[in-house]
Amino acid sequence: MNLFKAAAIAALAMSASVASAQTVKIGFITSYSGLNGNLGPYMERAVRLYLKQHEKELGGVKVELITRDDTGPNPDKARQLAQELVVRDKVNLLAGVIFTPNAMAMAPIATEAKVPFVIMNAGTAVITTRSPYMVRTSFTLWQSSYPLGQWAAKKYKTGYSLVSDFGPGHDSEEAFTKGFEEGGGKVLGKVRVPLQNPDWAAYMQRVKDAKPDVLKVFIPAGKTATAVMKNFSDLGLDKAGIKLIGPGDITTDEELPNMGDVALGVLTVHHYSAAADRPANKAFVAAWKKEYGAGETPNFVAVGAYDGAALIVEAIKQQRGKLDPDKTMEIFKQWKNPNSPRGPIAIDPETRDIIQPEYLREVRRVGGALANVELETLATALKDPWKELQKKK
Ligand code: PHB
């Protein structure tokens, strides 16, 4: 081999290794501590599971997940972390985020730096209007609470709304009230409780005194859901004949074992239940248990992140690891999956928000454990109702 040939081969080998060493950096911000700090790991585990399952499709591109703890609903912290990830770590994408105030605080950074941001949980409708570089793979509270109100109006005459006093709570209150009253129901009262450590007994007593047929609650999943169940039962609202309903956040799958029998019969509307018997969900739950242990089960936070990772993998594949922000957003807007664990889903190219089914579910005992059993599909391809209503205005 002459020298020239050897040098050419060496150069080729080098460029090949450079190409295969292409790395996509994801700045992943979620809650590992503070209020509902147990939810962050569901999000991270779901992203890691999807990336592992699809590693071979990435053509040698490496994905680096740079994880950061926003410590719960803490917009200043989230903004600071996002800034650092963009400026210092030069991430190609931002992703994660349980809480609405954090997502809102990060929006200007996504816009100014042109860094696409995949929202994997935060569910206040308005969020995605705050930056053209945002896409959401989770849900909006309007998607669950509006059909919940419509359905409840067919069964109950009077209702009461109790929500955590922040964005998704306000959305749930407004959406439920609209759905319920359009269907002929009457909302007797609405109460907004502090996000952290409310005096549950006092609020539950107020509801009990109003004697509604049905109490609709939204709280930000996690341990707060179990606190609601406990206080609902301790104050005797169930015995007073008040029916507890809500978006699926109040019967979040991972808390069911902590709730006990008081959760039995609670009716909710949501896009995801770990107990759903769709083959794609059975495969997802089985893969989760194989990866993280037989006693572990995914929840709605996990499915939002799992499908979010699918968008990211698609963008990497189509651009061979060299991500252009505008091209990435175009790929996100065209994304769809007829076979997500939650059923057929797509991104609405107009709003960058998820289109998905919504199911009516009831907590039942299945094989000795509590489960959100899907009873009925209330909507098959529901766009965020709030954005649809804004268009009509
Ligand atoms: C939110 O902050 O948007 C949020 C948090 C927890 C939930 C739902 C929405 O269960």
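Reader: How many salt bridges does the structure hold?

Author: This is a predicted model, and the structure holds 22 salt bridges.

Reader: What is the N to O distance between Lys-387 and Asp-353?

Author: Their side chains meet in a salt bridge at 2.5 Å, N to O. Lys-387 is in helix H13 (residues 385-392) and Asp-353 in the loop between strand E12 (343-347) and strand E13 (354-366), so the bridge ties together parts 34 residues apart in sequence.

Reader: Buried or exposed, those two, Lys-387 and Asp-353?

Author: Both Lys-387 and Asp-353 are buried. They also belong to one network with Arg-136 and Asp-384, joined by salt bridges that share partners.

Reader: Ok, what about Glu-255, which residue does its side chain meet in a salt bridge?

Author: Lys-223, at 3.0 Å from N to O. Glu-255 sits in the loop between strand E9 (243-247) and helix H9 (256-259), while Lys-223 is in helix H8 (residues 222-234), 32 residues apart. Glu-255 counts as buried because its relative accessibility is 1%, under the 20% cut-off. Lys-223 is partly exposed, at 48%.

Reader: And Lys-178 and Glu-182, how many residues apart are they in helix H6?

Author: Four, so about one helical turn separates them in helix H6 (residues 167-182).

Notes: Residues numbered from 1 in each chain as written. Predicted model: local features only at pLDDT ≥ 70, side-chain atom pairs only at ≥ 80, totals over all residues. Heavy atoms only, no water. Salt bridge = Lys/Arg side-chain N within 4 Å of Asp/Glu carboxyl O. Helix = DSSP H or I, 4+ residues; strand = E, 2+ residues; numbered from the N terminus. Buried < 20%, exposed > 50% of the residue type's maximum accessible area, 1.4 Å probe, protein only.
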